[in-house]
Structures are given as C-alpha cells and as structure tokens.
Amino acid sequence: MNLEEYYKHYLTLHQNKWCRRLHFFGQLVTLFLLCVMIGYKVSITAYLILPFIVYPFAWSGHFLFEKNKPAAFNDPIKAKICDWMMFRDMLLGKL
C-alpha cells in the first residue's frame, strides 16, 4: 500500500471529530515544545522523545471516541507521516 492509499485508510480510523482534534492538539504541543527546545540547550534525548509527545493525546482519542486501535500499532512510520498529513489538511480546512 502506497502512502496515498494508506492515508485514505488512516482517515477511516479518524472519523470522530474529537479524535482528530486530540491528534491536532498533540501536534500543536509537539511544535510548541520544539520551538521552546530550539531556544534552549536541551539534551539529544529530549529531541528523541519529541515525536512521541502526540501519542497520549492521539491514543486517548482512539480509546475514548473512535473505539478502535491506533494506526501506529500496525505501521508506526506511515502512521506518523499520515498524522502530519492530517494536521496539514485540518489547518487548510480540508477536514
């Protein structure tokens, strides 16, 4: 499955608006922390942890609202890419 096909599948796992909003908020927190970290000397460990900041927000959306299993459990790389694609589409008003 190529990335475009996977993204279509990914969106079927994110139909609930609150689940999508939690993903979006988690990505905003990630971006905010990245901006803060750039301004300060932080360890490389902090940068390695940064991509995982979204998961408590995103997974709570799946467990509380979607009632399904997060895509990251099956294909974490494509799921991470699609999470940013969904973030972009939400910013642009496509979702």
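User: Hi! What does R88 count as, buried or exposed or partly exposed?
Analyst: R88 counts as partly exposed, because its relative accessibility is 39%. Buried means under 20% relative accessible area, exposed over 50%, and partly exposed lies in between (1.4 Å probe, protein chains only).

User: Before I go on, what sort of model is this, and how are residues numbered?
Analyst: This is a predicted model, where local features need pLDDT of at least 70 and side-chain atom pairs count only at pLDDT 80 or more, while totals for chains, interfaces and linings use all residues. Residues are numbered from 1 along each chain as its sequence is written, and side-chain values use heavy atoms, with hydrogens and water left out.

User: Thanks. Which residue forms a salt bridge with R88?
Analyst: That partner is D89, and the closest N and O atoms of the pair are 3.1 Å apart. A salt bridge here is a side-chain nitrogen of Lys or Arg within 4 Å of a carboxyl oxygen of Asp or Glu. D89 counts as buried, because its relative accessibility is 7%.

User: How many salt bridges are there in the whole structure?
Analyst: A search of the whole structure finds one.

User: What about D83, where is that?
Analyst: D83 is in helix α5, which covers residues 76–91. Helices are DSSP runs (H or I, at least four residues), numbered from the N terminus.

User: You mentioned Y10. Which residues of α1 are buried?
Analyst: Y6, Y7 and Y10 are the buried residues of α1. Seen down the helix axis, they fall within an arc of 105°, so they line one face of α1. The arc is that of the directions from the helix axis to the C-beta atoms. E4 and K8 are exposed on the other side of α1.

User: What do those buried residues pack against?
Analyst: The buried residues of α1 pack against α2 and α5.

User: Okay, on to α4. Which residues are buried there?
Analyst: Helix α4 spans residues 55–66, and its buried residues are Y55, A58, G61, H62 and E66. They are on the same side of α4, because they cover an arc of only 130° around the axis. The buried residues of α4 pack against α2 and α5. P56 and L64 are exposed, on the face of α4 turned away from its buried side.

User: What comes after α4?
Analyst: K67 follows α4, in the loop between α4 and α5. Its phi is near 60°, a positive value in a residue other than glycine. K67 counts as exposed, because its relative accessibility is 65%.

User: Now α2, please. Which residues is T30 in contact with?
Analyst: T30 is in helix α2. Leaving aside its neighbours within four places in sequence, T30 is in contact with L50, I53, V54 and W84. T30 counts as buried, because its relative accessibility is 6%.

User: And V29, how far is V29 from V54?
Analyst: V29 and V54 are 25 residues apart in sequence and 7.5 Å apart in space, C-alpha to C-alpha. V29 also lies in helix α2.

User: Last topic, the surface. Which residues form the nonpolar patch?
Analyst: The patch is formed by F32, V36, I38, Y40, V42, I44, Y47 and L48, with about 840 Å² of accessible area together. The elements giving two or more residues to the patch are α2 (17–39) and α3 (44–49). Patches are made of residues with over 30% relative accessible area and no salt bridge, joining like charges within 9 Å and nonpolar side chains (Val, Leu, Ile, Met, Phe, Trp, Tyr) within 5 Å. Accessible areas come from the Shrake-Rupley method with a 1.4 Å probe, and for residues only the protein chains shown count as cover.

User: Where does I44 sit?
Analyst: I44 is in helix α3. I44 counts as exposed, because its relative accessibility is 61%.

Terms used: Contact = heavy atoms within 4.5 Å.
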